[in-house]
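This report describes selected features of one structure. The sequence and the structure come first, and the notes follow.

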Amino acid sequence: MASSEEAGGGNGSAEEKENGKKRRLGAVATAWLIFYNVAMTAGWLVLGIAMVRFYMQKGTHKGLFRSVQKTLKFFQTFALLEVVHCAVVRTSVLVTGVQVSSRIFMVWFIAHSIKQIQNEESVILFLVVWTVTEITRYSFYTFNLLNHLPYFIKWARYNFFIILYPVGVAGELLTIYAALPYVKKTGIFSVRLPNKYNVSFDYYYFLIVIMFSYIPLFPQLYFHMLRQRRKVLHGEVIVEKDD
């Protein structure tokens, strides 16, 4: 899920739990993670300010994506490093990889590649959600690594998602849906038979499958975050059931 709050492996705290015991990160790893999270916080903050300035000057959302796309592409693609960070903080490579790649997919293979949908309101919707989410998330990780986490940042991290997550998912789904007619008409990224490899791929139906995949994934991730919220903000002991 591209809007998931859980994305961002490798950004934990200066101490990580391993086999029930706390394992302190090395000085170099901690310094790098602090730098990374400060840079990402600043990057998304710059993006947010640019979006506000554009709308105040133009009075419309049309052309906004084109205006901020370079910054968006750089920092969202830079987030691939979070998969590498999983080796440092012992988070799930699979979960982090899926969530980061889904964001990159939305940026490069939907919004960038299908220019006809760049002015859709849904694109601006998920951009605003992503921006608020990432500023909150990366600032949370930064302060956590510094062992000086303001309560407001923690509160925002575990409350904003209640609204932002479903709104962001709606924006992503509406954007993919808006792209379908253009994908079907142009055949972009599709591979037709006959060809020398004797394989075919229909990007139009692939996108439909992606949309349906939100049905089982969204509730799982959303309720997981709700459980984390109760655990962190209210001190509840959450017992995860084994499948």
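## Basis of the report and a buried arginine

Arg137 counts as buried, because its relative accessibility is 2%; buried means under 20% relative accessible area, exposed over 50%, and partly exposed in between (1.4 Å probe, protein chains only). The model is predicted: local features need pLDDT of at least 70, side-chain atom pairs count only at pLDDT 80 or more, and totals for chains, interfaces and linings use all residues. Residues are numbered from 1 along each chain as its sequence is written, and side-chain values use heavy atoms, with hydrogens and water left out.

Arg137 takes part in a salt bridge with Glu134, with the closest N and O atoms 2.8 Å apart. A salt bridge here is a side-chain nitrogen of Lys or Arg within 4 Å of a carboxyl oxygen of Asp or Glu. Both Glu134 and Arg137 lie in helix 5, 3 residues apart, about one turn of the helix. Helices are DSSP runs (H or I, at least four residues), numbered from the N terminus. An α-helix has 3.6 residues a turn, so residues three or four places apart point the same way. Glu134 also counts as buried, because its relative accessibility is 2%.

Glu134 forms another salt bridge, with Arg103, where the closest N and O atoms are 3.2 Å apart. This pair links distant parts of the chain: Arg103 is in helix 4 (residues 93-112) and Glu134 in helix 5 (residues 121-145), 31 residues apart. Arg103 and Glu134 are buried. A network of salt bridges links Glu82, Arg103, Glu134 and Arg137. In the whole structure, a search finds 4 salt bridges.

## Helix 3 and Glu82

Glu82, a member of that network, is found in helix 3. It counts as buried because its relative accessibility is 1%. The side chains of Glu82 and Tyr36 are joined by a polar contact of 2.6 Å. Such a contact is a pair of N or O atoms within 3.5 Å; within protein, one must be able to donate a hydrogen and the other to accept it, and residues adjacent in sequence count only if both atoms are side-chain atoms. Glu82 and Tyr36 are 46 residues apart in sequence, and their C-alpha atoms are 9.6 Å apart in space.

Which residues of helix 3 are buried? In this helix (residues 81-89) they are Glu82, His85, Cys86 and Val89. They lie on the same side of helix 3 because they cover an arc of only 125 degrees around the axis, the arc being that of the directions from the helix axis to the C-beta atoms. The face turned away from this buried side carries the exposed residues Val84 and Ala87. Just after helix 3, Arg90 takes a positive phi of about 60 degrees.

## The loop between helices 7 and 8

Asp202 and Arg192 meet through their side chains in a salt bridge (3.1 Å, N to O). Both residues lie in the loop between helix 7 and helix 8, so the pair ties together parts that are 10 residues apart in sequence. Asp202 is partly exposed, with a relative accessible area of 24%, and Arg192 is also partly exposed, at 47%.

Tyr197 lies in the loop between helix 7 (161-186) and helix 8 (203-234). Tyr197 is exposed, with a relative accessible area of 61%.

How values were computed:
Helices (H or I, at least four residues) and strands (E, at least two) are DSSP runs, numbered from the N terminus.
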